Amino acid sequence: MREVPATEFTRNFGHYREIAQREPVAVTSHGRATGYFVSAVEFEELQRIKAFARRSRAVADMTREEIEQMAASRMAPEHDHLDALLDEE
């Protein structure tokens, strides 16, 4: 990751825009990172990861009933071969 002072980033924005297509650019102020400049592709991937994290739940946060329902569930018939793998245990 490239690190650059904010004044340098501002002065040569076009240059760092090109670098951000290959790697994130940390923009610093007084020696501390205050932001990161990333490519659109990397930003979109981050958004997908964040959206997925909001939809997921830790087992520790589930009720006993939810865990039992999940354990008793089965996949669609076309996936019976996968259920069979679970039944082997």
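Helices here are DSSP runs of H or I, at least four residues long, numbered from the N terminus. With that in hand, open the model, which is a predicted one.

**Stop 1: the helix α5**

Select residues 80-87. This is helix α5, and L86 is found in it. Show the side chain of L86. Is L86 buried or exposed? L86 counts as exposed, because its relative accessibility is 52% and the cut-off for exposed is over 50%.

Together with L86 they form a nonpolar patch on the surface.

**Stop 2**

Hide the surface and go to the strands. Three of them make an open sheet, in the order β1-β2-β3, with mixed pairing. Select 2-5 for β1 and 32-37 for β3. These are the edge strands, and each pairs on one side only.

**Stop 3: strand β2 and its two partners**

Select residues 25-29, which make up β2. Start with the β1 side. β1 and β2 pair in the parallel sense, over four bridges.

Pick V27 and look across to β3, where G35 stands opposite. Then pick A26, which stands opposite Y36 in β3.

How many of the five residues of β2 are buried? Four are, and the strand is mostly covered. Show the side chains while you are here. In a regular strand they alternate between the two faces of the sheet.

**Stop 4: the hairpin**

Follow the chain from β2 into β3. The two strands form a hairpin with two residues between them. H30 takes a positive phi near 55°.

**Stop 5**

Continue past β3 to S39. This residue is found in the loop between β3 and α3, the helix at 40-55. Why does S39 count as buried? Its relative accessible area is 7%, and buried means under 20%.

Which residues does S39 touch, leaving aside those up to four places away in sequence? Select A20 and Q21: S39 touches both.

Key: Residues numbered from 1 in each chain as written. Predicted model: local features only at pLDDT ≥ 70, side-chain atom pairs only at ≥ 80, totals over all residues. Heavy atoms only, no water. Pairing = 2+ DSSP bridges. Buried < 20%, exposed > 50% of the residue type's maximum accessible area, 1.4 Å probe, protein only. Contact = heavy atoms within 4.5 Å. Patch = residues over 30% accessible without salt bridge, like charges linked within 9 Å, V, L, I, M, F, W, Y side chains within 5 Å. Areas by Shrake-Rupley, 256 points an atom, 1.4 Å probe, with all protein chains shown as cover. Salt bridge = Lys/Arg side-chain N within 4 Å of Asp/Glu carboxyl O.
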